[in-house]
Amino acid sequence: MCGYNKVNNLAIEGKPDDLVIATHICRGNYHSTYFTSGPYDSVADYVFAKENVDVLYLEYDDERSGGFEPLAKVSPNKKVVLGLITTKSPVLEDKQTIIDRIHEAAKYIPLDRLYLSPQCGFASCEVGNKLTEAEEFAKIKLVKEIAEEVWG
């Protein structure tokens with residue numbers, strides 16, 4: 001087990017049963033830019049399979065995140081929140097494209113363990129991203145509409 005994973009697991013060891021622990025793998029979110037890219041393959045064996053968290057928040061808003069294949073490594077006790085809606089651009093995603101991507105991810109994780117969210121927050125610092133408040137709410141509304149359609 002890698003060192004960071006061991007430290008994380010030790011830190012949450014003995015947590016109360018009703019405490020939900022989540023990990024968000026952030027790739028940077030400063031003023032509509034990102035700092036890293038690449039598929040999750042290199043961390044799947046450790047974080048997806050062995051980190052003792054309840055939920056993984058993963059960024060999948062564009063091609064820099066790679067495919068959904070690493071999701072096959074997620075341990076059966078974890079839920080996965082797919083960050084398919086970007087917070088870096090005001091352009092609204094196509095609803096059917098997002099629905100299709102959710103079903104693609106469901107080839108690796110059962111649909112009842114998948115959730116949808118924006119790929120990251122709308123601001124990781126005071127500067128925020130290059131979206132207006134109205135554009136942010138439009139993104140949240142889209143997440144809600146898709147979630148209602150997919151999970152009813």
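Analyst: Let us begin with a term: a residue counts as buried under 20% relative accessible area and as exposed over 50%. Please note that this is a predicted model.

User: Which residues of α4 are buried?

Analyst: In α4, the buried residues are E136, K139, L142, V143, I146 and V150. They lie on the same side of α4, because the arc they cover around the axis is only 115°. The opposite face, turned away from the buried side, bears the exposed residues E133, A134, F137, K141 and K144.

User: What covers the buried residues of α4?

Analyst: The cover includes β3, α3 and β4. I146 of α4 is also among the residues that touch the most other members of the largest nonpolar core, together with F48, L58, L71 and L82. That core has 29 residues, and α4 (133-151) is one of the elements that give two or more residues to it.

User: Which residues does L82 contact, leaving aside its neighbours within four places in sequence?

Analyst: Its contacts include L58, L71, I102 and L116, and also Y60 and F68.

User: How is a pair of aromatic rings described?

Analyst: In general, one gives the distance of the centres and the angle of the planes. This structure holds one aromatic pair. The ring centres of Y60 and F68 are 4.6 Å apart and the planes stand at 50°, so the pair is tilted; planes over 60 degrees apart would count as edge-to-face. Y60 is buried, at a relative accessible area of 0%, and F68 is buried as well, at 1%.

Terms used:
Residues are numbered from 1 along each chain as its sequence is written. This is a predicted model: local features need pLDDT of at least 70, side-chain atom pairs count only at pLDDT 80 or more; totals for chains, interfaces and linings use all residues. Side-chain values use heavy atoms; hydrogens and water are left out. A nonpolar core is a set of buried Ala, Val, Leu, Ile, Met, Phe, Trp, Tyr and Cys residues joined through side-chain atoms within 4.5 Å. Buried means under 20% relative accessible area, exposed over 50%, partly exposed in between (1.4 Å probe, protein chains only). Helices (H or I, at least four residues) and strands (E, at least two) are DSSP runs, numbered from the N terminus. Contact means heavy atoms within 4.5 Å. The arc is that of the directions from the helix axis to the C-beta atoms. Rings of Phe, Tyr and Trp (its six-membered ring) pair if their centres lie within 6.5 Å; planes under 30 degrees apart count as stacked, over 60 as edge-to-face and the rest as tilted.
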